[in-house]
Amino acid sequence: MRVSGPKVPEIAAVILGELPPVRRATFARFLDAEQDTIDAGLAIFFPAPHSYTGEHVLELQGHGGSLVMEALVDRVVQIGGRRAQPGEFTQRAFLNDKLDLAQAEAISDLIEAGSRAAVRAAMRSLQGEFSAMIRGLTDAVIDLRTYVEAAIDFPEEEVDFLADEQLAERFQAVREHFDGVEQSARQGRLLREGMTVVIAGRPNAGKSSLLNKLAGYEAAIVTPIAGTTRDIVRERIDIDGMPLHVLDTAGLRQGGDVVEEEGIRRAKVEMTRADRVLFVIDAAEDPLGEAFPQERARMPVDVPVTLVFNKCDLAVGVPVADTYSGPPRVTVSATTGKGMDVLRAHLKQCMGYQTLDSGTVSARQRHLDSLARARRNVDEAHRQLRERRAGELVAEELRGAQQSLNEITGEFTSDDLLGRIFSGFCIGK
């Protein structure tokens, strides 16, 4: 259990009988109001500012167990503490300049990481690699802004600095810098959040078998009976470090019972939220893929689709159409596993996911949004410079770009944003 704040020395003296030595693990009894032992274990005192939060911190390491822990928490509350809000320890660390906002988010990413690759990326961000990328890009924008504002402040100079070829080269260098940082951030977001795929299609096309083959075990019930899957079956799968959230859905058809109709309705809802729909077709029964155009009206128009021609092991000699001009298609056998590597590679390619290298960092959608806003500001600044030589407007757009970048590390942020970020943390962090 962790306690943070100015009252820590007072609380430690009451619950332990004395303040432990600084940064030294000390065996102690944890006492209740009657001086009876709640638990016994190690106590460590970290004085401010050399602690996780930047405040006085006391850590108590006991034997665990929910009843013992609750009794210990109640005792600390009795003598002046209060229960922490979600993420409050990390939020205090951020507010006390122990880490920036991107590093704080990396702590949550580290806790929630679902693969070793995600753990490594979160550690890189926690150690400041992503923040260093953002600061480097911010410095480039600031240098550009400084150059433009200097040209505005000294209009009497004979040289027109706004028409200088060097300024155009600086804009190009900043845009290239954006390319590198955005690429790394996109890979980091994919590593953290992954891709959501909905498996759809007619009954008995092999949707559940495809899910099971992707998952590597029997996640869904498979029978020859049409309409076996009624509700949504969800599985989280890892493809070379990229999380893949796969949803198996009820088969699309008319004339099912009430339960099946509800399953189809839920399938439609999930398709609207997906990054991609895998529309499974029975290649043995429907080699031309006629099921897809017949069911297209049931599916959202703005979600990309891949046609998966399943049961290719049963379609030997059947002329599966090779000239299909619609969505991309992959031929597989969910029974034998043929074509599954091609399907996995296709999913990674659809999301722009690349094999991880040593420089991958953890990033979030809000980081990409801030980078996109900053890039739009830089592009607009360049347009104003090129078309109007409007130095004041160029400088204002660059100021906006700098502000958007500062939102990533928290140098400029709002209380609402902080509330949204830290509310997603667990209590202990």
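Begin by selecting leucine 214, which is found in helix H8; helices (H or I, at least four residues) and strands (E, at least two) are DSSP runs numbered from the N terminus. The model is a predicted one, in which local features need pLDDT of at least 70, side-chain atom pairs count only at pLDDT 80 or more, and totals for chains, interfaces and linings use all residues. Residues are numbered from 1 along each chain as its sequence is written, and side-chain values use heavy atoms, with hydrogens and water left out.

**Stop 1**

Leucine 214 is buried, with a relative accessible area of 6%. Here buried means under 20% relative accessible area, exposed over 50% and partly exposed in between (1.4 Å probe, protein chains only). Now display the residues around leucine 214: leaving aside neighbours within four places in sequence, leucine 214 is in contact with Ile237, Met340, Leu343 and Arg344, contact meaning heavy atoms within 4.5 Å.

The buried residues of H8 are Lys207, Ser208, Leu210, Leu211, Asn212, Leu214 and Ala215. Their cover includes strands S5 (195-201), S6 (233-239), S7 (242-248), S8 and S9 (305-310), together with helix H11 (340-351). Just after H8, select glycine 216, where phi is positive at about 90 degrees.

**Stop 1: an aromatic pair**

Next, select phenylalanine 279 and phenylalanine 292. Rings of Phe, Tyr and Trp (its six-membered ring) pair if their centres lie within 6.5 Å; planes under 30 degrees apart count as stacked, over 60 as edge-to-face and the rest as tilted. By this rule the count comes to one aromatic pair. The ring centres of phenylalanine 279 and phenylalanine 292 are 5.4 Å apart and the planes stand at 70 degrees, so the pair is edge-to-face. Phenylalanine 279 lies in strand S8 (residues 276-282) and phenylalanine 292 in helix H10 (residues 291-295), so the pair ties together parts that are 13 residues apart in sequence. Both phenylalanine 279 and phenylalanine 292 are buried.

**Stop 2: the nonpolar cores**

Select Phe130, Phe171, Phe178, Leu371, Leu398 and Leu405, the residues with the most contacts inside the largest nonpolar core, which has 29 residues. A nonpolar core is a set of buried Ala, Val, Leu, Ile, Met, Phe, Trp, Tyr and Cys residues joined through side-chain atoms within 4.5 Å. Colour helices H6 (129-153), H7 (165-193), H12 (365-388) and H13 (391-409), each of which supplies at least two residues of this core. H6 gives the most, with eight residues. Apart from this core lies another, of 28 residues, among them Ala118, Leu191, Val308 and Leu347.

Return to phenylalanine 130. Leaving aside neighbours within four places in sequence, its contacts include Ala102, Arg124, Ala185, His367 and Ile408.

**Stop 3: the largest pocket**

Select Arg2, Arg82, Arg83, Ala84 and Phe89, which of the 25 lining residues are the closest to the centre of the largest pocket. The volume of this pocket is about 600 Å³. On a 1 Å grid over the protein atoms alone, a pocket is an open set of points where a 1.4 Å probe fits, with protein on both sides within 12 Å along at least five of seven lines; lining residues have an atom within 4 Å of a point. Grid points are joined across faces, edges and corners, and a volume is the space filled by probe spheres set on the points.

Strand S1 (2-4) and helices H1 (8-16), H2 (66-78) and H3 (88-95) each supply at least two lining residues. The largest share, five residues, comes from H2.

**Stop 4: backbone details in the loops**

Most residues other than glycine have a negative phi, and most peptide bonds are trans. Select alanine 48 and proline 49, joined by a cis peptide bond with omega about 0 degrees. Proline 49 is in the loop between strands S3 (37-46) and S4 (57-61).

Move to aspartate 97, in the loop between H3 and helix H4 (101-112). Its phi is near 60 degrees, a positive value in a residue other than glycine, and aspartate 97 is exposed, with a relative accessible area of 70%.

Finish at asparagine 204, in the loop between S5 and H8. Its phi is also positive, at about 65 degrees, and at 35% relative accessibility asparagine 204 counts as partly exposed.
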